[in-house]
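User: I would like to learn how to read a few features of a protein model. Please take them one at a time.

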Amino acid sequence: MRFTSEQRLDDGVLEREFILGEIPGTLWTPGSEPAPLILMAHNNGLPKGDSRLVARARRSAAYGYAVATIDAAGCGDRPRSRADEQIRADLRRAMRAGEPVDEIFESLVGPLAEGAVPEWRTTLDALLALPEIGGPVGYSGWTAVGIRLAVAEPRIAAAGLFAGGFVPRAQREEARQVTIPLLFLLQWDDEGNPRQRALDLFDTFGTKEKTLHANLGGHTGTPWFEAEDGNRFFGRHLK
């Protein structure tokens with residue numbers, strides 16, 4: 001892992017960009033060390049510099065966590081295959097035409113989630129070797145990746161998942177194997193994810209400790225107080 005830049009923010013959080021092989025990432029660390037770690041993933045190929053993700057990461061770091069995000073393969077500015085670009089073009093066309101998009105999302109999100117998890121695990125290995133990070137580890141963000149990572153990676157102790165992203169069939173089945181504590185955030189009027197599908201997924205999770213927070217509003221309308229509740233949730237399981 002090679003750090004390429006750093007800046008100290010007004011609240012004392014240190015923000016650093018890094019490269020790990022071909023994986024670009026950002027790490028935020030609080031003034032106190034060592035700190036428990038939260039891996040924070042964005043949805044469906046958005047860049048690690050997405051403003052909503054950066055704001056959540058900085059809030060969590062100011063709360064006392066180390067927070068890391070990466071651009072996994074096919075996400076952010078990383079190259080996409082010709083087939084991937086064609087799927088995205090098909091998705092845009094279908095959405096404009098008002099056609100069903102589930103199968104297109106299946107073709108897009110399934111490979112993205114599968115490809116992201118090995119890179120997240122490689123990143124986790126490198127992060128836990130840093131003296132300023134002490135574990136344990138939480139996950140926050142994209143549900144499809146969170147399910148796959150929770151099943152594959154025993155170091156993940158708790159997860160906060162956003163119900164707004166499409167979850168492929170393989171991950172909906174894997175949800176039965178997820179046994180760590182969960183906080184599941186649902187926007188009641190999410191235009192991109194049917195409410196009943198999200199509720200069914202919540203029922204499917206195998207864990208005995210799962211909490212559902214539902215708020216009125218569309219896909220990007222998650223209230224900011226949920227970020228504070230998320231930090232308290234991780235405080236119960238990571239500190």
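User: Which element gives the most to the lining of the largest pocket?

Analyst: Bear in mind that this is a predicted model. Helix α7 gives the most to that lining, with six residues. Other elements that each supply at least two residues include β4, α1, α3 and β7. The largest pocket holds about 1,200 Å³ of space. Of the 50 residues that line this pocket, the closest to its centre are N43, R52, F162, G164 and H219.

User: How many residues of the lining are nonpolar, polar and charged?

Analyst: The lining has 24 nonpolar, 16 polar and 10 charged residues.

User: What is the order of the strands in the open sheet?

Analyst: Strands of a sheet pair through backbone hydrogen bonds, either parallel or antiparallel. Here nine strands follow the order β1-β2-β3-β5-β4-β6-β7-β8-β9, with mixed pairing. β1 and β9 are the edge strands, each pairing on one side only. From one strand to the next, the twist averages 20°. W142 has F162 in β7 as its bridge partner.

User: Which helix lies across β4, β6, β7 and β8?

Analyst: That is α4, residues 143-152, running at about 140° to β6. Helix α1 lies across strands including β1, β4 and β7, and runs at about 170° to β4.

User: Why does T29 count as buried?

Analyst: Buried means under 20% relative accessible area. T29 is at 2% relative accessibility, so it counts as buried. T29 lies in strand β3. Leaving aside neighbours within four places in sequence, its contacts include V13, L14, A66 and E132.

Methods. Residues numbered from 1 in each chain as written. Predicted model: local features only at pLDDT ≥ 70, side-chain atom pairs only at ≥ 80, totals over all residues. Heavy atoms only, no water. 1 Å grid on protein atoms, 1.4 Å probe; cavity = no way out; pocket = protein on both sides within 12 Å on 5 of 7 lines; lining within 4 Å. Points joined across faces, edges and corners; volume = space filled by probe spheres on them. Helix = DSSP H or I, 4+ residues; strand = E, 2+ residues; numbered from the N terminus. Nonpolar A, V, L, I, M, F, W, Y, C, P; charged D, E, K, R; others polar. Buried < 20%, exposed > 50% of the residue type's maximum accessible area, 1.4 Å probe, protein only. Contact = heavy atoms within 4.5 Å. Pairing = 2+ DSSP bridges. Axes fitted to C-alpha atoms, helices over the stretch in contact; angles between N-to-C directions.
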